Structure formats: structure tokens, C-alpha cells
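User: I am new to this protein and would like to know what the labels rest on. Please take me through them.

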Amino acid sequence: MELLRHEMPSVYTKVVEGMPSVSEWEAFHFGGSVIGGKRLGRVFHPVSESLKIGQTGSALLVTESKSVPKDPDANLDKANIVSPCKPAHLAQNKFVSLLLDEARRTTDGGNHIHYNEQIIKITEQIATSNSKNPIITIHTPQNTYQTRYLLACDGVHSFARKHCQIPMKGDSALQHMMNIHFRTNSALSELLMAQLEDQAMLHFVYNQSLIGAFVCHDGHEGEWVLQVPYFPPYQVPEVDFKPDIVKEMIWSGLLGGISRNKDYSFDIISVRSWTMSSQVAERYMNEHKNIILVGDAAHSFPPAGGFGMNTGLQDAHNLAWRLALNLHRKEDSNTIGNDSDVELLRPSSKNSTLSMYEHDRKPIAIQNAALSVRNYKRTLKIAKACYLDAQHPQILMSLLGSPPMSFLPLETRQGMFRQLLKVAMLPLSSLTEDGNSIHANHVTKNVQKILEKGGSLPLVFPRYELGFSYTKDGDQVSRENNDDSAGYNPSIRVGHRLPHVEMKLLGQINGEWNVLEATHSNLLHGSIHGNDVYLSLCDISSQMRCWHSVSSPIFSLLTLGTDLAKSTDIIQQVTNENMNKREVSLATIHVIRHKSDWSTIHKTNAVQTQHCGDGFQVNYLLDVNDQLHQIAQKDLSPDTDTDLNAFVLVRPDGHIANATSRDLNIDLHEQLSIFIERGLSNSLGSV
């Protein structure tokens with residue numbers, strides 16, 4: 001959501017307006033059916049309010065059917081929120097439609113958008129003395145296209161990845177699944193959503209006819225998906241998921257023991273098989289760095305935790321500014337020597353910049369793949385509490401595939417597997433109705449014991465979703481503890497996301513700003529209060545690009561401390577030198593700690609006329625709650641009590657390129673030059 005707010009605010013607004021009410025998706029249910037069956041457990045997730053610093057993502061167990069659990073983190077300081085955005089939930093097909101509409105709106109009415117075409121061939125013409133840039137030709141049944149860069153966002157079965165002969169590493173088949181998309185009619189939708197205590201995003205259902213998970217994308221509109229495990233070759237879609245069988249699965253899973261009124265109905269939209277995997281591409285680019293894997297083409301995860309799409313959006317965000325920077329740089333020769341037909345790309349800063357995309361994103365994908373597998377295993381623990389062991393079907397399949405059983409015809413072994421599976425599920429009939437049988441009570445006790453200890457699948461993962469970083473040592477997430485749902489604590493460290501800190505804009509207020517919602521105690525009607533503008537620091541580079549009305553990516557140099565704010569001439573000399581050397585844009589922002597310092601700095605620097613390179617006006621921000629200075633003091637100068645003077649270089653995507661405190665033993669010009677060059681190298685690679 002932060003990325004949408006920063007880069008596509010109209011899409012962000014439409015997601016917020018179009019998603020279901022939080023009450024419909026803040027809970028997960030475990031039981032014999034969505035309604036009508038035995039309720040094994042119900043957990044709530046912290047998504048209705050903004051997450052706070054240190055707040056965990058742990059789900060909270062509801063001990064009574066109509067009670068809402070008290071969040072132990074509710075007393076955290078409400079000013080210390082970790083993001084200007086709240087979690088959101090929207091069906092993927094609706095989100096894709098919003099993105100497509102935005103793409104068409106921002107590209108001459110969509111004249112250059114060719115959607116839903118299948119790539120059937122890719123050819124590459126590499127650079128020669130007569131062609132400075134390699135050319136990629138893309139063939140579809142409808143058209144032929146030529147391009148300098150191909151961003152392969154074509155999914156887990158990526159044609160482009162196969163063309164580049166890039167293998168996937170990891171487990172290719174954790175579990176085979178059937179995806180059943182269906183839509184309930186208005187009467188059935190009203191029944192399913194009638195009681196608040198029955199509403200949830202995920203319903204994990206265990207009964208004699210079905211073991212599966214219902215995903216409620218929008219209950220009032222009747223949008224549902226059912227995920228059911230299946231076991232080829234002993235189960236096959238054509239036999240085990242025929243329409244009448246699928247309908248019975250859905251009915252038993254939705255209503256349990258409730259009678260099926262003739263007014264209730266649903267339409268099955270699609271039934272598709274898919275394979276749950278946990279894999280990451282061996283590399284993210286072809287040899288010439290111009291075919292680049294993004295999203296599911298680069299990685300595939302189990303859906304538990306929702307990291308697939310979010311990781312793909314982060315991929316695109318990381319790559320977009322690098323590619324834009326390359327395209328805005330001056331053209332240079334891409335060939336070696338003067339001889340014709342030289343077919344090697346000259347190593348250049350452009351290739352280095354794009355190579356850093358893989359350096360950043362591949363470790364995150366590996367990390368998220370491992371986390372998604374752990375999340376999947378959490379769901380298996382709940383099933384085991386229902387006396388269903390995920391290993392048992394695998395053992396049975398192994399026995400049926402080994403002599404002497406393997407000598408039997410496949411049809412015979414399929415029949416044996418189905419019969420044994422039915423016998424194993426028979427005890428779950430006690431969960432179909434909300435009764436108190438010995439078996440049902442034992443299962444309930446087992447499940448609630450797991451949920452009480454935080455064993456449910458979390459919905460938000462603050463330490464991973466906000467605390468991930470791009471670091472050289474591979475430590476993408478703080479390893480202070482092994483709790484995957486642990487809270488996020490902001491830091492000013494290289495590779496980390498710049499924290500969300502509330503800032504007040506000082507000096508002349510004009511241009512376009514992505515202002516904050518009402519978070520400040522003085523704000524009653526939003527973030528523009530009188531003549532004051534409040535904004536978040538976490539998207540400062542995006543803010544600078546918007547305010548200065550430039551299309552190229554911008555790095556932002558933050559200075560903390562009054563002494564540095566009074567040294568703008570030297571700072572601007574150094575930033576101009578580095579901008580010319582690296583062909584990048586760099587905006588300077590002085591962050592003021594005390595409001596009383598503003599009048600002194602204002603008079604000293606004549607701030608209204610001060611400009612940095614490329615004509616950018618120097619900006620001044622007030623650290624409203626002193627949060628940034630406190631975080632920076634802790635991370636950059638923990639052993640000193642004096643007011644901090646420090647530099648923070650921020651990448652175009654909001655991550656920290658470099659950060660350090662001012663060293664008074666080194667000349668300011670020298671220290672800042674080294675600091676900026678190191679930060680640009682961290683972000684763009686070596687020159």
C-alpha cells in the first residue's frame with residue numbers, strides 16, 4: 001500500500017474505496033464449515049488500525065463466539081505508527097483491473113498497451129559497432145514488437161525465463177491443489193454474512209466431505225475461492241473434481257448441517273489445478289542484462305501469508321527507478337573497440353545499476369519463500385490437531401507406488417486411495433454440526449491450544465514487510481528473535497526503509513505534496529492545517545520528484561543538525577560534483593530538530609532563494625515529534641548526548657543508501673564526498 005500511495009495515488013485511493021469492510025477480513029476461522037458447523041477457533045489480526053512501533057502481527061484468539069479480543073499492544077503510543085498506510089485486502093482480479101486502467105490512463109489513453117497477448121517467440125540481436133544497444137524482438141500471434149529492455153512479468157511458467165534458460169531452485173511441488181472460484185447468489189451471500197462473528201477472510205474447513213480453505217474476497221458480492229489439496233496420480237481432476245462432486249464440497253463447506261434452502265445457490269466460475277511450490281530463479285537477468293525477471297517469473301511461494309504479489313510489487317518498484325535512471329542518462333557507446341561485428345556489451349554503469357536489482361531482490365525472495373513455507377506448515381499443524389497428518393497421504397502414495405502394490409493397475413490403486421482417504425475423513429463428520437461429541441470436543445481443545453500459543457497463520461508480518469533491508473551481508477531481517485510475527489522497530493541503517501516519521505514542511509509551500517492523513521495532534525481535518533503541510537518521510541524521494549516535477553529518479557540527502565543546515569553552500573558544492581559524476585539527481589533536505597532553530601537558519605541561509613543542482617530548491621522539514629533525531633541518535637551516535645549532526649542518503653525507492661554522523665576531525669567537504677560516493681555505490685554499483 002505504501003508503494004501505491006507513493007507512486008500511484010489514484011490506484012491507492014481506489015483500493016481503499018473498493019476493498020470490503022475490515023470486519024469482513026480481519027479474522028480467520030477454523031471449523032467444520034463456514035457457518036452451521038462446529039467452531040474450532042476464531043482469531044483476529046491487527047489490521048483495523050495503523051500498526052504501531054513494536055506491535056506484533058500475532059493473531060488473537062476469540063474465547064467466546066461474539067467477543068472481540070483485546071489487543072495487548074493497544075496501549076502503544078498512537079503517534080508512533082509505522083506507516084502512513086493501513087493493511088488492505090482486495091481480490092487480485094480487481095487489483096489487476098485497477099492497474100490496467102492506470103496504465104492506460106497514463107500512456108496516451110492506452111494506445112501502447114497490448115494486453116492478454118501470448119508470447120510465442122523471442123529473438124535477440126546483440127550489440128555491434130553499428131548498433132549501440134541490443135534489440136529484443138517479441139513475437140505474439142497478433143503482433144511483433146521491438147524493445148531495448150524486456151521485463152518478464154509473465155508468471156510462474158514464464159516463457160521469457162525459459163527462453164533465457166534460467167532454472168528455478170527449490171521445491172517444485174510442495175502440494176498439488178485445486179482452485180475453485182465460485183460466486184454465491186444474493187440470498188446465500190446474505191446468509192453467510194448475516195452474523196459478524198461468521199465473517200472472515202479465511203475459513204479453514206475440516207469435515208467428512210472436504211478438507212480445504214475458503215477465501216472470502218468479498219462476501220457481500222459473493223466472491224469466493226476454495227482451495228482443496230489433491231494427490232495425483234491417485235486423484236485426477238476429471239474424476240475427483242467433477243461438477244457434482246465440487247458442488248457437494250462447496251455446500252458441505254459453506255453450510256455444514258444447515259439445510260440447503262432452494263433460494264440458496266452459487267455458480268462455479270472455474271476449477272483449475274495448480275502446484276504449490278517454493279522456488280527462486282537462479283538468476284534474474286540474461287547475460288546482457290536486458291531481459292529481466294519480475295514477480296512470479298522470478299519466484300513462487302506458497303500463498304500462506306500473501307507474499308507473492310507483495311514481493312512482486314517490491315520487485316517492480318526496485319527495478320523501475322533503476323531502469324528509469326538508465327533511460328534518462330546520456331547515451332554512451334556500448335561496444336568495445338572500433339572493429340565491426342564486436343558482439344560484447346561494454347561493462348558500463350548502466351549494467352551495474354541493473355545488476356544491483358538482483359543483488360537487492362533475490363535475497364528477499366529467498367527469505368520470503370522460506371517464510372511462506374513456514375506459514376504453510378503452520379496450517380498443517382492445525383490439520384494435525386484434527387487428527388489429519390499431511391504425511392499420511394504421502395506415505396500411502398509411496399506404498400501404492402512401490403512393489404508389490406505398483407504391479408496393480410493404476411485404476412485399482414486409485415480406487416484404493418480414494419477409499420482409504422474417505423475412511424480417514426469419516427471421523428470429521430462430528431464437526432459438520434455444532435455438537436459436543438467426544439471427538440469434536442477433543443479436536444476443539446487441540447486446535448485452541450495451538451491458537452492460544454500464537455500458532456495461527458498471521459495476516460501481517462511487520463518485521464518482514466517493513467523491516468526487510470538491502471544489505472551486503474545478507475541479513476535482510478533483524479534476527480533478534482525467531483518470531484515471524486514480531487513487530488517492526490524503525491532504524492537508520494544502510495539498506496533499510498527510511499522510517500515513517502511525521503514532518504512539517506518549512507519555508508515556502510507550493511507544488512504538489514502527498515500529504516498525511518490526520519495523525520498529528522493539532523490536525524483535525526487532515527494534514528493541511530492552516531498554512532501548514534505535514535508529510536511522511538518514508539516517501540521523501542518520491543515527494544521530491546513530484547514537487548520538482550521531474551520524471552527521472554531522485555536521491556535525497558537529509559542533513560540532521562543545525563550546524564549542517566548552516567553549511568548549505570559546501571553541501572551543495574559536493575552534491576553538484578556527485579550529480580555530474582554519476583548522472584543522477586540529488587535533492588538536499590535539511591531536517592530541523594527544534595522549531596526555535598528555524599528563524600536563525602532562515603536568516604542565515606536566505607532559504608527562499610537557495611537552490612541545489614538542476615535548479616532544485618533546498619527544502620527544510622521540522623521533525624515534529626523528534627522521532628527521526630531519536631532514531632538516528634540511537635543508530636548513528638549512541639554514545640554521545642550532544643545534539644546529533646548527521647547525513648542520510650535516501651535512494652529513489654525510499655531505502656537508505658548511506659547514513660553516518662558528522663566527524664568533526666574530517667573536513668566537511670571531504671567527509672561528505674566520500675559519504676555520497678559510497679552511498680551511490682551501495683545503490684548503483686561501482687563506476
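User: Start with strand S21. What makes strand S21 (residues 646-650) mostly covered?

Analyst: First, the basis: this is a predicted model, where local features need pLDDT of at least 70, side-chain atom pairs count only at pLDDT 80 or more, and totals for chains, interfaces and linings use all residues. Residues are numbered from 1 along each chain as its sequence is written, and side-chain values use heavy atoms, with hydrogens and water left out. Now the strand. Buried means under 20% relative accessible area, exposed over 50%, and partly exposed in between, with a 1.4 Å probe and protein chains only. In S21, 5 of its 5 residues are buried.

User: How do you know that both faces of S21 are covered?

Analyst: In a regular strand the side chains alternate between the two faces of the sheet. One side of S21 carries Ala-646, Val-648 and Val-650, and the other carries Phe-647 and Leu-649. All of these are buried.

User: How many helices and strands does the protein chain have?

Analyst: The protein chain has 19 helices and 22 strands. Both are DSSP runs, numbered from the N terminus: helices are H or I with at least four residues, strands are E with at least two.

User: What makes S3 and S14 the edge strands?

Analyst: They belong to an open sheet of 9 strands with mixed pairing, in the order S3-S2-S1-S9-S10-S11-S8-S12-S14. Strand S3 (60-61) and strand S14 (299-300) each pair on one side only.

User: How many bridges join S8 to S12 and to S11?

Analyst: Strand S8 (residues 168-184) pairs with strand S12 (residues 266-281) over 14 bridges, in the antiparallel sense. Phe-182 has Ile-268 of S12 as its partner. Another 8 bridges join S8 to strand S11 (residues 223-230), also antiparallel.

User: Why is H10 called roughly antiparallel to H11?

Analyst: Two packed helices are described by the angle between their axes and the distance between the axes. Helix H10 (residues 391-400) and helix H11 (residues 410-425) pack at about 155°, with axes 11 Å apart. Angles under 35 degrees count as roughly parallel, over 145 as roughly antiparallel, 65 to 115 as roughly perpendicular and the rest as oblique. So H10 is roughly antiparallel to H11.

User: Which residues make that contact, and how do they divide?

Analyst: Contact means heavy atoms within 4.5 Å. H10 contributes Pro-393, Leu-396, Met-397 and Leu-400. H11 contributes Arg-413, Met-416, Phe-417 and Leu-420. Ala, Val, Leu, Ile, Met, Phe, Trp, Tyr, Cys and Pro count as nonpolar, Asp, Glu, Lys and Arg as charged, and the others, Gly among them, as polar. The contact residues therefore divide into 7 nonpolar, no polar and 1 charged.

User: Finally, how much of the protein chain is buried?

Analyst: Buried residues make up 52% of its 687 residues.

Note on methods. Pairing = 2+ DSSP bridges. Axes fitted to C-alpha atoms, helices over the stretch in contact; angles between N-to-C directions.
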